[in-house]
Amino acid sequence: MALVLVVAGAWFGYQRLAEPACAGQLRLTVAAAPEIAPAVQAAAAQWSENGAAAEGVCVAVDVTASDPVDVAAVLAGQHGVSLSGVGQAPGASVTPDVWLPDSSSWLLRLSSEAAGFAPTNNASIARSPVVVAMPQPVAASVGWPEKKITWGDLLKQVTTGTKLRTGIVEPTRDAAGLSGLLALGAAAGAAGGTQGRQATTSALRALATGRSAVRQDLLAKFPRATDPASIASSLSAAALSEEDVMEYNAKQPPIPLAALYVEPAAMSLDYPYAVMPGIEPARSAAAAGLFKVLTEGSFRDRLAKQNLRASDGTWGEGFSAPQGAPSPAGTPSSSAAAGGTAAGGADPAALSRALSTWTAITLPSRMLAVIDVSGSMLEKVPTANNATRAQVTLAAAQGGLDLFDESWAVGLWIFSTELVGARDYRELVPIGPLTNQRSQLKSALAGISPKPNGSTGLYDTVLAAYKAVQDGWEPGRVNSVVMLTDGENEDANGITQAKLLADLKAAADPEKPIQMVIIGIGNGVNRGELDAITKVTGGGVFVTEDPAKIGDIFLQAIALRPASN
């Protein structure tokens, strides 16, 4: 009897141990940047084998290698916003439960545009420093690996030398490219004033010359032969992730790349673990369980196999560090990134300014600038050392003109009331290529002065400007009107709002779209009046009560324009 009881008890205990600790199945979907996806997949599979569960339900994890720009497009579309340069989402894309992009900058860009986008957790699970990649012979010529290189050193080489052929992956679509853009821009802006603006423009134009739409295209521009002529004619410097350099060198190219850890460190790729807002509690619990797995010590070694560091900037077993690589390296992540405060050292304003400036420099455009010269533009601006609204506005327009390269076509009008007989507007420079009329535009801007008793002839001017741009519409360019005004329509002898909107609607041609961008300055602007116009034409309205901020607003307005017609 005792033997029977022992055997029965043992069998009962075995049965209890053999029974699963969970029931049913919950599938957690994870979209991870391609380079980290294999490590996440392996850790998730091990978790499942060990009995992954959340609230008593068995968990299976589906990990998809997803380019961050594609997921960003899906989320932007879901929230009814657009991100500069990102474009439309792929047709069959769906929103994951957890998103693991390569950088918190994606979360920051989305949360800055979409108030409803508020993912949780957001903590970093890996890191890859952003470096400047150079063919090793080129790197040796600038002192690598012994010499410490700063972004200021690199800026000088880019803007004044001829030896470095620089490139960048389109920063509106690539986090490492954006990081390099921010770092070089910060070095240029450190000079301040006109010198800083000129350095920024020169640096960005140099980068734009060698830009690539995707990373593989950029990597293909590095030298494919060891002879001096091939090296001299190939790409010689680009901001890439440390992981990019290690993967490139693992393929044993004719000339390996050096990774330069330029100081101060650029914003690292920090791989935030973003749990999407609105998922059900059971999936949220499963996401928390997977996050715990991805922060265990064993995951560090899985990352090392993918050429990635742990979130603290150190590496695990099997990591083949590039020559001269420090440990730790890179910038720390900020788990507050989706809250709109920081992403590895960047903030929403810095990201917006960098991307807006980049767009202004690189997007082929045909633009008519229309500037208010009514009497109210003589009002002083205390926050701009008592310069007038007109002076602040013209300085912003001049700064924009300095950014535009020779591919732009620009024209200039002014408006008030009765500038040419009963007409409210006057053409100063017709729309034409900057190669021929940059100096003419500068002279015209310098000669603009407000009409002391002039009012704001807004409606007549908007319609005329729209039709003028439409008449000379050019394919392959962004055709736009950019209007700067500090008031609402005051022309009693002009067309009515109803007539304006009806005429704009009748003139609109979907095959020849015109973007109407209106920048409102000061507190005398009627936002509703301006919104009604752009609702018909397309484009957008930007209003700042502080005219001193017109420079940044102008860049944001330029960046609003679509990437193609």
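Author: Accessible areas here come from the Shrake-Rupley method with a 1.4 Å probe, and for residues only the protein chains shown count as cover. By that method the chain exposes about 24100 Å², of which carbon and sulfur atoms supply 52%. This is a predicted model, where local features need pLDDT of at least 70, side-chain atom pairs count only at pLDDT 80 or more, and totals for chains, interfaces and linings use all residues. Residues are numbered from 1 along each chain as its sequence is written, and side-chain values use heavy atoms, with hydrogens and water left out.

Reader: Happy to start there! What makes F319 count as buried?

Author: Buried means under 20% relative accessible area, exposed means over 50%, and partly exposed lies in between (1.4 Å probe, protein chains only). F319 has a relative accessible area of 9%, so F319 is buried.

Reader: And why is W315 called partly exposed?

Author: W315 has 29% relative accessibility, so W315 counts as partly exposed.

Reader: Why is the pair of W315 and F319 called stacked?

Author: Rings of Phe, Tyr and Trp (its six-membered ring) pair if their centres lie within 6.5 Å; planes under 30 degrees apart count as stacked, over 60 as edge-to-face and the rest as tilted. The centres of W315 and F319 are 5.0 Å apart and the planes are at 15°, so this pair is stacked. By this rule the count comes to 5 aromatic pairs.

Reader: Why is the pair of F222 and Y248 called edge-to-face, then?

Author: Those two rings have centres 6.0 Å apart and planes at 65°, so F222 and Y248 are edge-to-face. F222 sits in the loop between α9 (215-219) and α10 (228-233), and Y248 in helix α11 (residues 242-250), 26 residues apart. Both F222 and Y248 are buried.

Reader: How do you know that the span of helix α12 agrees with its number of residues?

Author: Helices (H or I, at least four residues) and strands (E, at least two) are DSSP runs, numbered from the N terminus. The expected span is 1.5 Å times one less than the number of residues. For the 14 residues of α12 (residues 281-294) that gives 20 Å, and the end C-alpha atoms are 20 Å apart, so the two agree. Among the buried residues of α12 are L290, F291 and L294.

Reader: One last point: what makes up the largest nonpolar core?

Author: A nonpolar core is a set of buried Ala, Val, Leu, Ile, Met, Phe, Trp, Tyr and Cys residues joined through side-chain atoms within 4.5 Å. The largest has 132 residues, and W99 and F404 are among those with the most contacts inside it. Helix α7 (residues 175-189) gives the most to this core, with 8 residues.
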